[in-house]
Amino acid sequence: MATTKYEITYIIRPDVDEESKKAVVENYDKVIADNGGTMVESKDWGKRHFAYEINKYREGVYHIMTFTAENADAVDEFGRLSKIDNAILRSMTVKIDK
């Protein structure tokens, strides 16, 4: 079966302390790995201002991860968990064509 490359960008609340932010990133990297994904890159883009307010925040900490997977299980589980996690303001998943 062919592997597909995905890119997920998510925004962490700006008032989350550095230790908690690191735990959030490690948790989501582990979610991808536990659901059949192979991490290519996981990097911090830093704090950026929004064009508009999201949940009463004007800025957030961006994180981007690129990974490959044979099926969408990792993407689905990330989406499910990120929607109920209060530390995540928004996320966007993109399927990358080779």
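In this predicted model, Glu 59 and Lys 47 meet through their side chains in a salt bridge, with N and O 3.8 Å apart; the term requires a side-chain nitrogen of Lys or Arg within 4 Å of a carboxyl oxygen of Asp or Glu. Because Glu 59 lies in strand 3 and Lys 47 in strand 2, the pair ties together parts that are twelve residues apart in sequence. Helices (H or I, at least four residues) and strands (E, at least two) are DSSP runs, numbered from the N terminus. Glu 59 is partly exposed at 24% relative accessible area, and Lys 47 is partly exposed at 49%; buried means under 20%, exposed over 50%, and partly exposed in between (1.4 Å probe, protein chains only).

The whole structure holds seven salt bridges. One of them joins Lys 21 to Asp 44, with the closest N and O atoms 3.0 Å apart. Lys 21 counts as buried at 11% relative accessibility, whereas Asp 44, at 41%, counts as partly exposed.

Residues are numbered from 1 along each chain as its sequence is written. Local features need pLDDT of at least 70 and side-chain atom pairs count only at pLDDT 80 or more, while totals for chains, interfaces and linings use all residues, and side-chain values use heavy atoms, leaving out hydrogens and water.
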